[in-house]
Amino acid sequence: MIFFLDTNVIIDLLNGNSNVLAAFKNAYTFDTVKIPDLVYYEVLRGFEYSDPKKQKAGFEIFANHCGIVYMDKSVLEESARQYADLRKHGITIDDDDILIGSFAITKNATLVTNNTKHFKNLNGIQLVDWKES
């Protein structure tokens, strides 16, 4: 199984949330855990703004161990389809979330997030919330 981590999950890991840490250790041992490039950007921009150098260094090590995966044309095409479908049904979601969710859909990955409500309306998404585990 492939897991893509959402921004809030990485923050929970860095903050030492015990449920998230336990689930991550299990997934990292038995499955594949990756960080989408947009999530990497979201976490990094927070560090650039708030300037916690120690946490930023820890995040960089963490990201290197997990690996960053990069969007391609298929992700952008899926994102456009998802956006259009949501709009036709009167549903709005932040573009960042559409891109992250569509990335998981396209790569057949399960998106790990504690904001499942942000993603639940995307067609074909697989979600898990490690904070609630």
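**Group meeting: sheet, core and salt bridges**

K131 is partly exposed, with a relative accessible area of 34%, where partly exposed means between buried, under 20%, and exposed, over 50%, computed with a 1.4 Å probe on protein chains only. Before I go on, please keep in mind that this is a predicted model, in which local features need pLDDT of at least 70 and side-chain atom pairs count only at pLDDT 80 or more, while totals for chains, interfaces and linings use all residues. Residues are numbered from 1 along each chain as its sequence is written, and side-chain values use heavy atoms, with hydrogens and water left out.

Now, what does K131 meet in a salt bridge? Its partner is D12, at 3.5 Å from N to O, a salt bridge being a side-chain nitrogen of Lys or Arg within 4 Å of a carboxyl oxygen of Asp or Glu. Because D12 sits in helix α1 (residues 7–14) and K131 in the segment after β5, this pair ties together parts that are 119 residues apart in sequence; helices (H or I, at least four residues) and strands (E, at least two) are DSSP runs, numbered from the N terminus. D12, for its part, is buried, at a relative accessible area of 10%.

The structure holds 5 salt bridges, and another one of them joins D72 to K107, whose closest N and O atoms are 2.8 Å apart. Here D72 belongs to the loop between β3 and α5 (73–88) and K107 to the loop between α6 (95–106) and β4 (110–112), so parts 35 residues apart in sequence are tied together.

Turning to the sheet, 5 strands form an open, parallel arrangement in the order β3-β2-β1-β4-β5, where two strands pair if DSSP finds at least two bridges between them. The edge strands, β3 (68–69) and β5 (126–128), each pair on one side only. Helix α3 packs on the sheet and touches β1 (2–5), β2 and β3, its direction making about 65° with that of β2; contact means heavy atoms within 4.5 Å, and angles, from 0 to 180 degrees, are taken between N-to-C directions of lines fitted to C-alpha atoms, for helices over the stretch in contact.

Finally, the largest nonpolar core has 37 residues, and those with the most contacts inside it include I10, F59 and F62; such a core is a set of buried Ala, Val, Leu, Ile, Met, Phe, Trp, Tyr and Cys residues joined through side-chain atoms within 4.5 Å. Helix α3 (residues 37–50) gives the most to this core, with 6 residues.
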